[in-house]
Amino acid sequence: MLKLPSLDQFISEFDTVLRTLAASAQSVRPHPDAAVADIEMSSAEKQHAAGLMRVNHCGEVCAQALYQGQALTARDPATRDALREAAHEEVEHLAWTEARIADLGSHKSLLNPLWYAGSLAIGVTAGVIGDKWNLGFLAETERQVADHLQSHLRELPGQDAKSRAIVAQMHIDETHHAEKAEELGAAPLPFPIVKAMKLSSIVMTSLSYRL
């Protein structure tokens, strides 16, 4: 049976929302591009790279909301721990992508609050259904994100080694999250749900690239 959050927990969760949407994220690990030289790019190349990194940052905002919602409704402590561990690393991804967007002279997505609200609702729903499905949703989300990051490694301008270093490390982390969820007993999601997740990702990607 699900327990309603205490006042202290509610305040803590609301603080997570504010820090994700309004504050600059901090990374415990060194930024993957810290030792990589920034090569001159044309305006069009910088704009394209910034758009891709904005999409990646938006994806990390969604991940924070998803894992927050899933952890709130998870029954098993091991499941909650896996979700919170994944969310912790996503904060570092937020910091890396946010810094790179600024380096490229661009801005974060204006639609982040909308994506956060929708992802939080989805995460809560996934947790209510049951832990094995909760973990299944985590695993499938991370697999799709890993595929998405792999495509960005192909799309980024060839000389943008800094963005590539960030995306490559993110891909390693997301793959690890998917594997951890599977080890904990993630259930494979039905095909219609997987398809719906991919379609919603396409919409989010298209809009956040421009906005």
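1. Basis. The model is predicted: local features need pLDDT of at least 70, side-chain atom pairs count only at pLDDT 80 or more, and totals for chains, interfaces and linings use all residues. Residues are numbered from 1 along each chain as its sequence is written, and side-chain values use heavy atoms, with hydrogens and water left out.

2. Overall fold. The chain has seven helices and zero strands. Read from the N terminus, its elements run α-α-α-α-α-α-α. Helices (H or I, at least four residues) and strands (E, at least two) are DSSP runs, numbered from the N terminus. Of the 211 residues in the chain, 45% are buried. Buried stands for under 20% relative accessible area, exposed for over 50%, and partly exposed for what lies in between (1.4 Å probe, protein chains only). Among contacts in the chain with a separation of 6 or more, 88% are between residues 24 or more positions apart; contact means heavy atoms within 4.5 Å.

3. Salt bridges around R100. The structure holds nine salt bridges, each being a side-chain nitrogen of Lys or Arg within 4 Å of a carboxyl oxygen of Asp or Glu. R100 forms one with D103, where the closest N and O atoms are 4.0 Å apart. Both residues lie in helix α3 (residues 77-103), three residues apart, which is about one turn of the helix. R100 also pairs with D160, and here the closest N and O atoms are 2.7 Å apart. R100 lies in helix α3 and D160 in the loop between α5 (131-155) and α6 (161-183), so this pair ties together parts that are 60 residues apart in sequence.

4. D103 is partly exposed, at 45%. The pairs belong to a network of salt bridges that links D38, R100, D103 and D160.

5. A salt bridge between two helices. R143 forms a salt bridge with E182, with 2.4 Å between the closest N and O atoms. R143 lies in helix α5 and E182 in helix α6, so the pair ties together parts that are 39 residues apart in sequence. R143 is partly exposed, with a relative accessible area of 32%, and E182 is partly exposed as well, at 42%.

6. Packing of α4 on α5. Two packed helices are described by the angle between their axes and the distance between the axes. Helix α4 (residues 112-129) and α5 pack at about 140°, with their axes 5 Å apart. That angle makes α4 oblique to α5. Axes are lines fitted to C-alpha atoms, for helices over the stretch in contact, and angles run from 0 to 180 degrees between N-to-C directions. Angles under 35 degrees count as roughly parallel, over 145 as roughly antiparallel, 65 to 115 as roughly perpendicular, and the rest as oblique. On the α4 side I122, A126, G127 and I129 take part, and they meet W133, N134 and F137 in α5. The residues of this contact divide into five nonpolar, two polar and no charged. In that count Ala, Val, Leu, Ile, Met, Phe, Trp, Tyr, Cys and Pro are nonpolar, Asp, Glu, Lys and Arg are charged, and the others, Gly among them, are polar.

7. V36. This residue lies in the loop between α1 (7-22) and α2 (43-73). V36 is partly exposed, at 26% relative accessibility. Neighbours within four places in sequence aside, V36 is in contact with A161, K162 and A165. V36 and S163 are 127 residues apart in sequence, while their C-alpha atoms are 9.5 Å apart in space.

8. T141. T141 lies in helix α5 and is buried, at 11% relative accessibility. With neighbours within four places in sequence left aside, T141 is in contact with L66, Y67 and M197.

9. Cysteines. A search of the whole structure finds zero disulfides, a disulfide being a pair of cysteine sulfur atoms within 2.5 Å.
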